[in-house]
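User: I'm new to this one, and I'd like to talk it through step by step. Could you put it up first?

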Amino acid sequence: MRKWIALGLLLTSGVQAQGAAERIAAQAHEGVASCAASQCHGATQVSSKQSVQMNEFALWQEFDPHAKAYDILLSPESQSIARKLGIGKAEEAKVCLDCHADNVPVDLRGAKFQIDDGVGCEACHGGAAGWLASHTTASHADNLAAGLYPTEDPVARSALCLSCHAGTPDRMITHRIMGAGHPRLSFELDTFTWLHPHYQADADYEARKGRFDGLRDWGIGQATAAINALDILLDERSGWHGIFPELVLFDCHACHRSMSGRQWGPRQGTGLGPGVVRLNDSNLVMFRHVLAAVDSAAAERVLAQSRALHKATTESREQTFAAARTLRATLQQLSTRVADFKFSPDALAAILSSMIRDADRGEFRDFAAAEQGAMAVQSVVVAFEGSGLLDEAATERLRARVDALYSTVERDEGFAMARFVDALKAVRAAAP
Ligand code: HEC
Ligand code: HEC
Ligand code: HEC
Ligand code: HEC
């Protein structure tokens with residue numbers, strides 16, 4: 001139970017993703033080369049003697065885009081973004097390096113540290129000065145106490161990833177940066193955790209670190225992302241510019257679509273009429289589906305408070321802040337419940353049904369919600385596979401339908417809600 005007490009503490013602390021970035025930079029970073037020796041994490045093969053794989057460096061270097069995050073700043077695409085923003089060279093600009101490298105202050109860089117290593121080991125595992133020498137013989141708990149970042153904890157991990165994959169008040173990806181050509185950011189904790197892993201959640205892992213539950217991670221990831229967006233909105237420096245709020249917090253497609261489309265339709269999640277710029281609420285929509293399995297009365301409360309926030313944005317800044325604070329507190333309290341919840345096959349079915357009810361009401365009209373929806377279904381289906389309810393043929397069928405669902409959100413331009421909804425229903429029909 002100790003783990004969940006620690007979790008509760010994290011959840012009630014201040015700005016979460018910003019807090020994660022501060023913890024990562026709390027002590028000196030020794031550099032990737034300090035981890036990569038062949039007898040350390042630089043092995044070429046999975047070790048049969050150690051509890052961890054030991055080939056983490058090779059996997060990171062070869063497969064993980066984080067290893068190339070700095071190199072991306074040298075690309076013509078990055079140079080063009082930097083030119084349009086008038087910030088000098090992208091590879092020297094703090095605003096770019098903060099997310100594309102392990103950009104700790106110079107006095108926190110050890111002898112082997114190199115900025116061009118990109119998002120290196122310590123950008124996620126925390127500065128190693130306090131534990132590098134002792135971590136091979138110390139217990140995991142002792143390593144955490146010495147400053148190793150708790151990446152296995154879904155709340156802490158989510159806050160960490162979001163510090164770059166969504167931004168924080170101190171580390172903003174603004175609409176100006178997007179306007180200069182930066183790709184739109186989208187993130188889902190469970191999907192992204194398993195895209196390029198250098199770890200395995202095998203029996204040995206679970207014995208050391210506890211159960212790895214993708215569905216729980218998906219649920220917590222939605223709450224943490226929604227809270228992070230509210231934190232940015234609530235911060236005067238990051239949430240507002242001149243007479244406009246920061247546009248990156250809003251649904252991109254509320255503005256970026258053609259006028260001849262006549263695509264507008266009501267959405268119960270916002271309660272807003274046509275022609276209104278609305279906040280990007282895709283994580284709130286998804287968190288309601290998580291709650292459909294955990295506590296349906298709470299899902300209604302989140303719906304009511306989300307609508308109140310949308311309405312407040314059409315009234316005043318003060319009302320927006322008040323509604324954002326109420327919703328934030330609710331999310332924080334509920335995400336602890338999700339962290340403790342054990343999802344059963346019935347719960348999985350409840351989530352899919354809840355999504356389909358929303359789909360029939362037009363709730364997936366906005367691309368960002370549909371994109372999160374596809375990643376959610378993926379997490380739910382993987383959980384179904386783990387439940388032992390599916391034979392091989394059923395698994396194949398379900399996977400093919402998830403692929404078909406993904407293909408409907410491949411590109412935001414040309415997204416058609418009807419195709420997404422049909423594909424979603426096809427997944428439901430193939431699930432137990
Ligand atoms: C808040 C963090 C953040 C900031 C600030 C940021 N980036 Fe990024 N950038 C990302 C993330 C995360 C991705 C990967 C998006 C994805 O694939 O989901 C990315 C992707 C990119 C890509 C596309 C990479 C590819 O593989 O196609 C380019 C180019 C880029 N960033 C350049 C820049 C430049 C130049 C700056 C500075 C003006 C900058 N970024 C600032 C987080 C950030
Ligand atoms: C983008 C973030 C990120 C980067 C960069 C990163 N890791 Fe990890 N690492 C993780 C996550 C997430 C896990 C899985 C959760 C956990 O058990 O901590 C993990 C797990 C591990 C584990 C433990 C596996 C286990 O079975 O307990 C080791 C060892 C490790 N990483 C080493 C490295 C090394 C070495 C590097 C650099 C070459 C590196 N990591 C870079 C995020 C990262
Ligand atoms: C210090 C900033 C930073 C942190 C922390 C971070 N990332 Fe990233 N991540 C990036 C950048 C920048 C890119 C884009 C790199 C590129 O395209 O070369 C990226 C790319 C990725 C990609 C590839 C996306 C794609 O479209 O293929 C995945 C997956 C990913 N990150 C997962 C994670 C996860 C999971 C975590 C938390 C454990 C995490 N990241 C933490 C900065 C970060
Ligand atoms: C409130 C309306 C609004 C919202 C919401 C909005 N934008 Fe914009 N966007 C604009 C305006 C206005 C421009 C400037 C157009 C111009 O300069 O002609 C622009 C420009 C851009 C451009 C540059 C286009 C070009 O042709 O150079 C990009 C890219 C962009 N936005 C991406 C995004 C993304 C990604 C999001 C969501 C995270 C978003 N926008 C949300 C109104 C919006």
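**Around the ligands**

Analyst: Ligand 3 is surrounded by 18 residues, of which the closest are His66, Cys99, Cys161, Cys164 and His165. Please keep in mind that this is a predicted model.

User: Which helix gives the most to the shell around ligand 3?

Analyst: That is H8, with five residues, and helix H5 (94–100), helix H8 (154–165) and H10 each supply at least two residues of that shell.

User: And what is the shell made of, by class?

Analyst: The shell around ligand 3 has eleven nonpolar, five polar and two charged residues.

User: Switching to ligand 2, which protein donors does its iron atom have?

Analyst: They are His125 and His198, each through NE2, lying 2.0 Å from the iron atom. His125 belongs to helix H6 (residues 121–125), while His198 sits in the loop between helix H10 (189–193) and helix H11 (203–209), so the pair ties together parts 73 residues apart in sequence.

User: What's the arrangement around that iron atom, and why?

Analyst: It is octahedral, because the six donor atoms around the iron atom of ligand 2 subtend angles of 88 to 179°.

User: New topic: how many residues of H19 are buried?

Analyst: In H19, 15 of the 20 residues are buried, so this helix is largely enclosed by the rest of the structure. Just after H19, Gly388 takes a positive phi of about 75°.

Note on methods:
Residues numbered from 1 in each chain as written. Chains lettered and ligands numbered in written order. Predicted model: local features only at pLDDT ≥ 70, side-chain atom pairs only at ≥ 80, totals over all residues. Heavy atoms only, no water. Donors = N, O, S within 2.8 Å, 3.2 Å for Na, K, Ca; no water. Tetrahedral: all angles 85-135°; square planar, octahedral: opposite > 155°, others 65-115°. Helix = DSSP H or I, 4+ residues; strand = E, 2+ residues; numbered from the N terminus. Buried < 20%, exposed > 50% of the residue type's maximum accessible area, 1.4 Å probe, protein only. Near = heavy atom within 4 Å. Nonpolar A, V, L, I, M, F, W, Y, C, P; charged D, E, K, R; others polar.
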